[in-house]
Amino acid sequence: MASAVGCCLFDTAIGRCGIAWTAAGAVQAVQLPESTDEKTLARLRRRGGDVPESAPPPVIAAVIGRVHKLLQGERDPMLDVELDYEGVPPFQQRVYEAARAIAPGKVKTYGELARELGDAGASRAVGQALGHNPFAPVVPCHRILAAHGASGGFSAEGGAVTKLRLLEIERAVLSPQGPGLFDEA
């Protein structure tokens with residue numbers, strides 16, 4: 001895995017997130033807020049080691065700005081953000097890229113994603129891969145739900161409540177027949 005060379009915390013509408021980057025300017029990890037800055041940094045550093053906090057280079061500052069806007073409701077798919085996949089198993093990479101292809105405000109189930117990846121029986125493996133997602137919300141694992149629209153798990157602080165909050169920010173539509181997740185019927 002390419003070593004991270006820097007990391008920082010940044011304020012968003014849902015709290016202080018973190019980001020770590022490589023010397024090549026790829027995003028090595030993004031971390032949703034934990035209960036304290038120290039916990040956010042500790043979780044962020046699980047992937048890249050004890051990297052120092054520093055000012056982000058321009059390419060990373062631009063990603064931070066986009067994450068900030070995303071968490072305010074701007075619909076940015078962030079598909080062009082370069083992620084450092086070094087050390088990430090190939091199956092997880094495929095899951096993350098499939099998740100990235102889900103447009104903001106849209107959702108899929110773990111089973112749908114597994115079928116798209118060519119293995120209808122892999123929905124649990126998809127869920128496990130998403131549980132290890134080091135790039136949330138750039139890899140929008142919150143857009144993948146359990147069967148029948150149930151929230152399913154979410155590894156960020158706050159669990160399913162955080163997942164539902166992210167979907168609310170995006171004004172997610174859970175089905176083509178009905179209103180968005182939090183719209184009035």
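**Figure 1. Overview of the chain.** Of the 185 residues in the chain, 47% are buried, where buried means under 20% relative accessible area, exposed means over 50%, and partly exposed lies in between (1.4 Å probe, protein chains only). The model is a predicted one, in which local features need pLDDT of at least 70 and side-chain atom pairs count only at pLDDT 80 or more, while totals for chains, interfaces and linings use all residues. Residues are numbered from 1 along each chain as its sequence is written, and side-chain values use heavy atoms, with hydrogens and water left out. The chain has six helices and five strands, taken as DSSP runs (H or I over at least four residues for helices, E over at least two for strands) and numbered from the N terminus. Starting at that terminus, the elements follow in the order β-β-β-α-α-α-β-α-α-β-α. Among contacts (heavy atoms within 4.5 Å) between residues at least 6 apart in sequence, 57% join residues at least 24 apart.

**Figure 2. The hairpin of strands β2 and β3.** Strand β2 (residues 15-22) pairs with β3 in the antiparallel sense over four bridges, and two strands are said to pair if DSSP finds at least two bridges between them. Four residues lie between the two strands of this hairpin, and G25 in the turn has a positive phi of about 85 degrees. On β3, Q31 is the bridge partner of G18. Strand β3 (residues 27-31) is mostly covered, with five of its five residues buried.

Figure 3. T40 is found in helix α1, which spans residues 37-48, and T40 is buried, with a relative accessible area of 1%. Leaving aside residues up to four places away in sequence, T40 touches L9, R16, C17, G18, Q31, L32, P33 and E34. The side chain of T40 also reaches the backbone nitrogen of E34 at 2.9 Å.

**Figure 4. The two faces of helix α5.** Which residues of helix α5 (residues 123-131) are buried? They are V126, A129 and L130, and they lie on the same side of α5 because they cover an arc of only 95 degrees around the axis, the arc being that of the directions from the helix axis to the C-beta atoms. The cover over the buried residues of α5 includes α3 (90-100), α4 (110-116) and β5 (144-145). On the face turned away from the buried side, α5 carries the exposed residues R124 and Q128.

Terms used
A polar contact is a pair of N or O atoms within 3.5 Å; within protein, one must be able to donate a hydrogen and the other to accept it, and residues adjacent in sequence count only if both atoms are side-chain atoms.
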